[in-house]
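Thanks for making time this morning.

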Amino acid sequence: MTTSVDLHTYLNSRREQVEAALRDVFPSNWNVPTTLREAMDYSLLAGGKRLRPIFALAAAEAVEGGSGAMARSMPFACAIEMVHTYSLIHDDLPAMDNDDFRRGRPTNHKVYGDAMAVLAGDGLLTHSFHVLASAVKLGVPAERVLAVSEELAKFAGVYGMVGGQALDMEGEQGVTSLEQLESIHLHKTSDLIAFSLRAGGHASEASEDQLRALERFGRNVGLAFQIQDDILDLTGTEEKIGKPVKSDERQEKVTYPFLIGLDESRKRVSALTQEANEALQSAGLTDPRRLYEIAEFLLTRDH
């Protein structure tokens with residue numbers, strides 16, 4: 001299978017649909033403080049790949065097919081992007097990664113200050129649960145929405161992404177093994193991607209076997225995605241990736257290339273992508289083509 005122009009058309013279309021929905025996530029009759037709203041929008045509407053919400057949409061379509069699946073999964077997609085954006089705002093803070101640029105622009109705290117950046121992240125995280133609950137109005141069964149809410153708290157919280165960030169901070173003081181590094185990335189990056197796939201599956205009422213297959217796919221793709229990020233931090237350009245390169249090296253972070261070298265890191269990305277594809281083969285999905293294509297795209301991306 002090769003990445004086609006059609007895939008890029010699909011990704012662009014879905015990204016535009018997600019961004020249109022994100023512009024309307026806050027009810028117009030809510031009196032949100034102006035600076036807080038500006039700070040949230042500054043990061044939420046800054047563009048980017050929108051990979052996680054697109055995975056949710058693609059998973060819903062893979063299970064059921066048709067435009068209805070995409071529409072029902074959109075609240076989940078928006079909630080995922082809000083959680084992801086909050087994590088980026090907080091990760092960039094001086095107390096965390098201390099980054100000055102994100103997606104080609106000054107980071108949130110550089111524009112609005114540390115305190116407002118913290119509040120912007122808090123606001124996005126909290127409101128994500130309000131947004132995903134609205135899926136009931138689009139026909140997603142209430143028990144599925146409840147399951148998604150529970151899983152988001154798990155995969156984005158102390159078990160998953162937040163726990164992974166904590167491990168990453170502790171690891172700055174001395175990660176010495178590939179096993180430790182993989183644990184960090186599985187929780188910091190893979191868990192939210194795995195959740196995205198499961199959320200899309202729930203929107204189309206996937207079976208338990210299908211949900212487990214989608215989760216395995218997401219974990220492998222998520223780890224491959226993070227390793228590719230480590231590779232691009234060394235080999236990419238600031239213009240393409242939207243932030244300073246070699247930041248991991250300057251901060252003396254332990255990465256896959258640091259532990260096993262660039263060639264072995266690339267081989268690991270390829271192997272994980274294959275494992276992700278194999279996870280889908282026995283899932284009985286209606287149309288998993290886009291998921292296969294996205295996985296391959298991540299293997300070859302340069303930004």
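Predicted model: local features only at pLDDT ≥ 70, side-chain atom pairs only at ≥ 80, totals over all residues.

Residues are numbered from 1 along each chain as its sequence is written, and side-chain values use heavy atoms, with hydrogens and water left out.

Let me begin with the nonpolar cores, meaning sets of buried Ala, Val, Leu, Ile, Met, Phe, Trp, Tyr and Cys residues joined through side-chain atoms within 4.5 Å, where buried stands for under 20% relative accessible area, exposed for over 50% and partly exposed for what lies in between, with a 1.4 Å probe and protein chains only. The largest of these cores has 41 residues, and those with the most contacts inside it are V25, F76, M82, L124 and F195. Two or more residues each come from α1 (5-22), α2 (34-44), α3 (51-63), α4, α6 (114-133), α7 and α9, the helices being DSSP runs of H or I of at least four residues, and strands runs of E of at least two, numbered from the N terminus. Helix α4 gives the most to this core, with 12 residues. Taking contact as heavy atoms within 4.5 Å, F76 touches L132, A135, V140, V145, V148, A199 and A203, not counting residues up to four places away in sequence. Apart from this core lies another, of 30 residues, among them F55, F217, A283 and L291.

Not counting residues up to four places away in sequence, R72 touches E64, A135, L138, G139, V140, A203 and S204.

Turning to helix α8, residues 161-171, its buried residues are M161, G163, G164, Q165, D168 and G171, and they pack against α4 (67-91), α7 (142-156) and α9 (178-203).

Last, the cavity, by which I mean a set of points on a 1 Å grid over the protein atoms alone where a 1.4 Å probe fits but cannot get out, with lining residues having an atom within 4 Å of a point. The largest cavity is lined by 13 residues, of which Y42, S43, A46, R102 and N108 lie nearest its centre. Helix α4 gives the most to this lining, with three residues.

Notes. 1 Å grid on protein atoms, 1.4 Å probe; cavity = no way out; pocket = protein on both sides within 12 Å on 5 of 7 lines; lining within 4 Å.
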